[in-house]
Amino acid sequence: MNLTGNWNYPTSIRFGVGRIAELADVCRSQGIERPLLVTDSGLARAPITTAALDALRAAGLGVALFCDLKPNPVEANLAGGLEAWRAGKHDGVIAFGGGSGLDMGKLIAFMSGQTRPVWDFEDIGDYWTRADDSRIAPVIAVPTTAGTGSEVGRAAVIIDERTHTKRIIFHPKMMPRVVISDPALTVGMPAKVTAGTGMDALSHCLEAYCAPGFHPLADGIAVEGMRLVANALVKAVHTPSDLEGARTNARGGGHGRHGIPERPGRDACALASGGCAVRHPSRHDQRHLHALCPAIQSPGHRGAHHPPGGVPAPALTGVRQLPCLRPEVAQGHRRAPYPG
């Protein structure tokens with residue numbers, strides 16, 4: 001096989017229960033003194049968010065909160081975030097939450113130093129080279145679900161309301177510098193949220209395993225991610241206070257994003273741009289299954305804001321089917337060999 005490729009696993013990840021206590025130190029290690037914490041409006045009122053804000057202020061950081069986000073962020077949300085960034089004279093972003101908070105935090109940090117419209121940096125060809133990468137602000141990512149894996153991705157999704165489609169904005173330096181993955185932040189979520197985001201994590205691992213691209217470590221990471229989710233998600237759903245289930249499920253979530261093979265010069269985690277096996281519904285439809293039963297989702301859906309005519313299955317049904325994955329995952333059942 002004549003194999004040529006470019007690979008990257010650069011994200012620094014601090015994983016473990018209680019590691020959210022390191023957030024202020026991590027900010028300072030990246031030169032951030034005035035962070036803008038970006039999250040969604042629902043999570044903004046949660047104890048985990050208020051505790052993080054209080055700890056940052058107690059450490060002497062000039063933190064502010066931005067939470068004016070739709071479940072699927074739009075350009076107006078980005079404009080509001082950039083206004084908050086400039087008004088607070090911030091020097092870094094803490095992207096906090098699920099996919100919407102993580103993606104919008106990354107977009108605000110990316111666009112804070114750009115002069116062109118955000119659509120000029122869509123993941124098409126070499127559009128990313130249009131950006132002034134010396135003016136991309138640092139991002140610290142704090143995921144509070146095990147679903148999207150955006151904390152280790154180099155792209156972000158934003159809705160174009162003119163066409164009602166998801167568009168992917170990409171730049172290699174959009175990737176967060178440090179991730180704090182604290183499983184305790186996911187404890188106590190509603191069962192439907194745990195199920196939906198866990199199935200999202202599983203689907204990313206499945207996509208990574210089935211994608212035609214090649215990365216020398218991707219298969220192992222993808223299979224291990226599926227094993228972790230399959231073994232932990234049922235317990236995490238039915239016993240929300242169980243830290244061991246949350247810990248294992250959180251590890252599986254990051255595996256899914258890391259495992260998707262990269263296309264040279266591009267972000268393979270741009271899920272709507274091709275190369276993945278399972279179609280994604282809108283982020284606010286994550287309560288529905290899109291991993292084990294993709295055939296019942298609209299086969300024509302590719303990045304649309306609302307799947308036209310799709311009939312998604314409940315994620316809780318998928319959770320009940322997880323045990324059927326265990327033999328295949330445990331054996332590392334192999335698809336056809338890579339061409340080459």
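Me: Which residue stands opposite Ile140 in β8?
Reply: This is a predicted model. Two bridges join β5 to strand β8, residues 178–181. The two strands run parallel. In β8, the residue opposite Ile140 is Val178.

Me: What is the hand of the β-α-β unit made by β4, α5 and β5?
Reply: β4 and β5 pair in the parallel sense. Together with α5 they make a β-α-β unit. Its hand is right-handed.

Me: Which residues of β5 point one way, and which the other way?
Reply: In a regular strand, side chains alternate between the two faces of the sheet. On β5, Val139, Ala141 and Pro143 point one way. The other way point Ile140 and Val142.

Me: How many of the residues of β5 are buried?
Reply: Buried means under 20% relative accessible area. The residues pointing one way, Val139, Ala141 and Pro143, are buried, and those pointing the other way are buried too. β5 is mostly covered, and the count of buried residues is five of five.

Me: Which element gives the largest share of the largest nonpolar core?
Reply: The largest nonpolar core has 30 residues. Elements giving two or more residues to this core are β2 (35–38), α4 (75–87), β4 (92–97), α5 (99–111), β5 (139–143) and β6 (155–160). Seven residues make up the largest share, and they come from α5.

Me: Which residues have the most contacts inside the largest nonpolar core, and what does Val38 touch?
Reply: Those with the most contacts inside this core are Val38, Leu78, Leu107, Ile108, Phe110 and Ile169. For Val38, neighbours within four places in sequence are left aside. Its contacts then are Phe66, Leu69, Val93, Ile94, Ala95, Phe96, Gly101, Met104, Gly105 and Ile108.

Me: Is Lys89 buried or exposed?
Reply: Lys89 sits in the loop between α4 and β4. Its phi is near 50°, a positive value in a residue other than glycine. Exposed means over 50% relative accessible area. Because Lys89 has a relative accessible area of 69%, it is exposed.

Me: What is the relative accessible area of His164?
Reply: His164 is in the loop between β6 and β7 (165–170). Its phi is positive, about 55°, although it is not a glycine. His164 counts as partly exposed, with a relative accessible area of 49%.

Me: How many disulfides does the structure hold?
Reply: A disulfide needs two cysteine sulfur atoms within 2.5 Å. Cys67 is partly exposed at 25% relative accessible area. Cys205 is buried, at 0%. The number of disulfides in the structure is zero.

Me: What distance separates the C-alpha atoms of Val193 and Val237?
Reply: Val193 lies in helix α6, residues 191–210. At 34% relative accessibility, Val193 is partly exposed. Val193 and Val237 are 44 residues apart along the chain. Their C-alpha atoms are separated by 8.7 Å.

Terms used: Residues numbered from 1 in each chain as written. Predicted model: local features only at pLDDT ≥ 70, side-chain atom pairs only at ≥ 80, totals over all residues. Heavy atoms only, no water. Core = buried A, V, L, I, M, F, W, Y, C linked by side-chain atoms within 4.5 Å. Buried < 20%, exposed > 50% of the residue type's maximum accessible area, 1.4 Å probe, protein only. Helix = DSSP H or I, 4+ residues; strand = E, 2+ residues; numbered from the N terminus. Contact = heavy atoms within 4.5 Å. Pairing = 2+ DSSP bridges. Right-handed = clockwise from strand over helix to strand, strands pointing away.
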